[in-house]
Every structure is written in C-alpha cells, then in structure tokens.
Amino acid sequence: MLVRHGETEWSRALRHTGRTDVPLTEAGKAQAELVGEALRGREFALVLASPLRRALETARLAGFPEAQPRDVLMEWDYGDYEGRLTSEIRREVPDWTIWRSGAPNGESPEQVGARADRVLEEVRGAGGDVLVFAHGHLLRAMAARWLELAPSEGRLFALDPATLSTLGHEREAPVIRTWNVPVSPRA
C-alpha cells in the first residue's frame, strides 16, 4: 500500500518540493491521523518511509513510528526547479513537464525510475503486505514501474496528499488495485 504524505505549505501552493524538508501543516497532520484510522487493524510485513520529515511524520501520526527510512524513497530531486511553480518554469521553458524533461541539476525520469525499481525489488521480497510512506512524483513513478511502464508514464496517475493506493496482482499480472483513495473520518 502506498501513502502520499499529508499536506505541506509547499504542496498546498503547488511548489515542486523535492529535497527541501518542509513540515506538515496542521491540516496535513490531521490527514495523517485519518490515514491511521483507515489503516487501523492492518498488519504489514514491512513499513518503509522516505527519510524526509513530511513522510516520516505522516507515518508516525498514522500509527507507524517503526517505518524504516529509505533514501531511495525521497522525492524527485528538482534541482534548479526546487520550490518553483510549474507556471514559473514554463515562462522560461514552454511546455516543460518533469515527466518529459526532468530538472537541470536534478534528476531525470530514468533516474527516478531506477530508484523506484530498487524499492519495488525490496517490496517484492518482503513476504507479505508492505506499507510505503513517500511523495507524489516518486510514488507515481513507482506505480508506472510496477506496471512495467516507463517512469515517465507516472504522469498518468494523479496523486493527492494523504491518499491510499494499492498495487497488487491479478493472477500473475501486476495491476493497480486502488489509486488516490481519500480518507475520511469513520462514522
């Protein structure tokens, strides 16, 4: 199961937030707690998280303080585009997308895909269900790689903060079981 971290000031403003270690907003903390309610009672063979504060804090608030940090789960390195809006970047580079062009002094889609492949190798060897707390673009690239698509095809999978997504199999074929499922308080 994949969990994108809760809201941050930068995610709310749609700023490219790669390696800048911004904290969750109060709304993001509440979202993380709702993720915990949605996952209550579930057991996982392995719980992983990006080492960045927003992912680790989401894991902790969701009730998974034992999440093991993995550097390969860090968000896309946006290089020169860190903290910038897509609209700002497109004033300099019309038609730019991270999925096609990557970021100068940052990562290419292929580099992010290689990191996603390393995570998926560990996930496949875990011997049970795995829970991963990470970031929007990285998780989208992971979904693409799970489906044996190019990492750039992650562009097809919108992913909101503090949502649940499940990768799985139908017979032997890798599939997406659920995607971008919002959590809400239990009644």
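Analyst: Happy to. Let's start with Leu-138, which touches Val-72, Leu-73, Met-74, Glu-75, Val-112 and Arg-115, leaving aside residues up to four places away in sequence. Keep in mind that this is a predicted model.

User: Which helix does Leu-138 lie in?

Analyst: Leu-138 is part of helix α7.

User: And is Leu-138 buried or exposed?

Analyst: Leu-138 counts as buried, because its relative accessibility is 0% and the cut-off for buried is under 20%.

User: How far apart are Leu-138 and Ser-11?

Analyst: In space they are 14 Å apart, C-alpha to C-alpha, while in sequence Leu-138 and Ser-11 are 127 residues apart.

User: Okay, changing topic to the strands. What order do they take in the sheet?

Analyst: The order is β3-β2-β4-β1-β5-β6, in an open sheet of 6 strands with mixed pairing. At the edges are β3 (68-69) and β6 (173-182), each of which pairs on one side only.

User: How do β5 and β6 pair?

Analyst: Strand β5, residues 163-170, pairs with β6 in the antiparallel sense over 7 bridges. Within that part of the sheet, His-169 stands opposite Pro-174 in β6.

User: What's in the loop between β5 and β6?

Analyst: Arg-171 is found there. Its phi is near 55°, a positive value in a residue other than glycine. For background, most residues other than glycine have a negative phi.

User: Is Arg-171 buried or exposed?

Analyst: Arg-171 counts as exposed, because its relative accessibility is 71% and exposed means over 50%.

User: Which other residue has a positive phi near 55°?

Analyst: Ala-162 does, and Ala-162 is a residue other than glycine too. Ala-162 lies in the loop between α7 and β5. At 3% relative accessibility, Ala-162 counts as buried.

User: Back to the sheet. What does helix α3 lie across?

Analyst: Helix α3, residues 53-61, lies across β1 (2-4), β2 (46-49), β3 and β4 (130-134). The helix runs at about 135° to β4.

User: Which residues of α3 are buried?

Analyst: They are Arg-54, Ala-55, Glu-57, Thr-58, Ala-59 and Leu-61. What covers them includes β1, α2 (26-39) and β4.

User: Why would residues three or four places apart in a helix point the same way?

Analyst: An α-helix has 3.6 residues a turn, so residues with that spacing point the same way.

User: Nice. And what happens just after α3?

Analyst: Gly-63 comes there, with a positive phi of about 95°.

User: Let's pick a residue in the sheet. What about Val-47, which strand is it in?

Analyst: Val-47 lies in strand β2. Val-47 is buried, with a relative accessible area of 6%.

User: What does Val-47 touch?

Analyst: Not counting residues up to four places away in sequence, Val-47 touches Phe-64, Glu-66, Ala-67, Gln-68, Leu-131 and Phe-133.

User: How far is Val-47 from Tyr-81?

Analyst: Val-47 and Tyr-81 are 34 residues apart in sequence and 30 Å apart in space, C-alpha to C-alpha.

User: How does the lining of the largest pocket split by class?

Analyst: There are 9 nonpolar, 9 polar and 9 charged residues in the lining of the largest pocket.

User: And what about the second largest pocket, what's its volume?

Analyst: The second largest pocket has a volume of about 270 Å³. Of its 16 lining residues, the closest to the centre are Met-1, Val-123, Asp-129, Val-130 and Leu-167. The elements giving two or more residues to this lining are α6 (109-124), β4, α7 and β5.

User: Which of them gives the most to the second largest pocket?

Analyst: β5, with 4 residues. By class, the lining of the second largest pocket has 9 nonpolar, 4 polar and 3 charged residues.

How values were computed
Residues are numbered from 1 along each chain as its sequence is written. This is a predicted model: local features need pLDDT of at least 70, side-chain atom pairs count only at pLDDT 80 or more; totals for chains, interfaces and linings use all residues. Side-chain values use heavy atoms; hydrogens and water are left out. Two strands pair if DSSP finds at least two bridges between them. Contact means heavy atoms within 4.5 Å. Axes are lines fitted to C-alpha atoms, for helices over the stretch in contact, and angles run from 0 to 180 degrees between N-to-C directions. Ala, Val, Leu, Ile, Met, Phe, Trp, Tyr, Cys and Pro count as nonpolar, Asp, Glu, Lys and Arg as charged, and the others, Gly among them, as polar. On a 1 Å grid over the protein atoms alone, a cavity is a set of points where a 1.4 Å probe fits but cannot get out, and a pocket is an open set with protein on both sides within 12 Å along at least five of seven lines; lining residues have an atom within 4 Å of a point. Grid points are joined across faces, edges and corners, and a volume is the space filled by probe spheres set on the points. Buried means under 20% relative accessible area, exposed over 50%, partly exposed in between (1.4 Å probe, protein chains only).
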